[in-house]
Amino acid sequence: MGPPTYIKPYVNQLVELVKKYYGERLVSLAFFGSFVRGIFKENKSDLDLLLVLSETSESHCERIDEFVKNVLMPYYSSPEYINALRTLYLPPVSVVIYSQDEARFFHDIYLDMTLWSEILHDENSFLKSVLDAMRKKIDEWGSLRREISGKSFWILKPDLKIGEELIDKLKPLL
C-alpha cells in the first residue's frame, strides 16, 4: 500500500525547502524506499531521501548537521507540520547526502533504486545516468533480488568465483 494522499503536501513542502536551501548546489533529489515502493506503513515507515550536491563537506556528520539545521528544523517547526501532527502520521525523514563525485561510485542503496525511485530534481540527468549504469551492471552480473520473511537482499553475481573481484571501488559507474 502506498503512502496516504494526505502526505503529498508535506512531501512537496520538504522538496521546496531542499531546493530553496541548496539552490545551485543541488544536483539531484530523489525519494526511495517504502514511500515509492508502494509498501508505506503508517506509524512505521520513514521518508527516504537522496541528495546529490555539487559541493559539500567531506564530513558526513557535517552534511547531516547542515541538512537538519537548514531543512529539517524549518520543516518540522512549520505551523502546517505542527498542526498536522495533532491528527496525522507524518513520517520522519531519513537522508543520504553524496557529493557529485561520490555519487558516481557504487552504493548499495542504488540497487533497490534501480527498481523503485522517484527522481524529483536531476541536473543534466545525472542520477538517472548513474542508476542506468547500475542497471547495466546488475544485468551484466545476472543479479537477483530475493526476499525472505519480508527482508530483502541482493545476490549480486550468482556465479561469482572464489577470489573474483566484483566491484572495483576505485572505478566510477559513470
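**Notebook: strands, cores and rings**

Helices (H or I, at least four residues) and strands (E, at least two) are DSSP runs, numbered from the N terminus. I call two strands paired if DSSP finds at least two bridges between them.

Notes on the source: this is a predicted model, in which local features need pLDDT of at least 70 and side-chain atom pairs count only at pLDDT 80 or more, while totals for chains, interfaces and linings use all residues. Residues are numbered from 1 along each chain as its sequence is written, and side-chain values use heavy atoms, with hydrogens and water left out.

**Entry 1: the whole chain**

I listed the elements and found seven helices and six strands. From the N terminus they run α-β-α-β-α-α-β-α-α-β-α-β-β. The C-alpha trace spans about 55 × 40 × 25 Å along its principal axes. Of the 174 residues, 38% count as buried; here buried means under 20% relative accessible area, exposed over 50%, and partly exposed in between, with a 1.4 Å probe and protein chains only. I also looked at contacts (heavy atoms within 4.5 Å). Among those with a separation of 6 or more, 68% come from residues 24 or more positions apart.

**Entry 2: the sheet**

In what order do the four strands of the open sheet come? I read β3-β2-β1-β4, with mixed pairing. The edge strands are β3 and β4 (117–122), each of which pairs on one side only. From one strand to the next, the twist averages 20°; axes for such angles are lines fitted to C-alpha atoms, for helices over the stretch in contact, and the angles run from 0 to 180 degrees between N-to-C directions.

I then went through the pairings of β2. On one side, β2 and β3 run parallel, joined by seven bridges. With β1 the sense is antiparallel, over six bridges. There I found L26 opposite L53 and F32 opposite D48. Helix α3 lies across β2 and β3, and runs at about 135° to β3.

How many of the residues of β2 are buried? I got seven of seven. L47, L49, L51 and L53 point one way from the strand, while D48, L50 and V52 point the other way.

**Entry 3: A30**

A30 is buried, as its relative accessibility is 0%. Beyond its neighbours within four places in sequence, A30 is in contact with D48, L49, L50, M113, E118, I119, L120 and L127. I also checked A30 against Y81: they are 51 residues apart in sequence and 21 Å apart in space, C-alpha to C-alpha.

**Entry 4: the cores**

In soluble globular proteins, nonpolar side chains tend to be buried together. I looked for nonpolar cores here, meaning sets of buried Ala, Val, Leu, Ile, Met, Phe, Trp, Tyr and Cys residues joined through side-chain atoms within 4.5 Å. The largest has 28 residues, and V18, Y22, L49, L51 and F67 have the most contacts inside it. At least two residues of this core come from each of α1 (8–22), β1 (26–32), α2 (34–37), β2 (47–53), α3 (60–76), α4 (79–85) and β3 (93–99). The largest share, six residues, is from α1. Another core lies apart from this one; it has 22 residues, including Y110, A133, M134 and L173.

I followed up L51. Leaving aside neighbours within four places in sequence, L51 is in contact with V18, Y22, L26, S28, L29, F67, V95, V96, I97 and Y98.

**Entry 5: the rings**

A pair of aromatic rings is described by the distance of the centres and the angle of the planes. My rule was that rings of Phe, Tyr and Trp (its six-membered ring) pair if their centres lie within 6.5 Å; planes under 30 degrees apart count as stacked, over 60 as edge-to-face, and the rest as tilted. The count came to eight aromatic pairs.

F35 and F40 make an edge-to-face pair, 6.3 Å centre to centre with 80° between the planes. Both F35 and F40 are buried. Why is the pair of Y75 and Y76 called tilted? Their planes are at 40°, so tilted is the word, and the centres are 5.5 Å apart. Y75 is buried, at 2% relative accessible area, whereas Y76 is partly exposed, at 25%. I also noted one aromatic cluster formed by F31, F35, F40 and Y89.

Last, I looked for a charge over a ring, meaning NZ of Lys or CZ of Arg within 6 Å of the ring centre and within 35 degrees of the ring normal. R37 lies over the face of W116, 4.4 Å from the ring centre.
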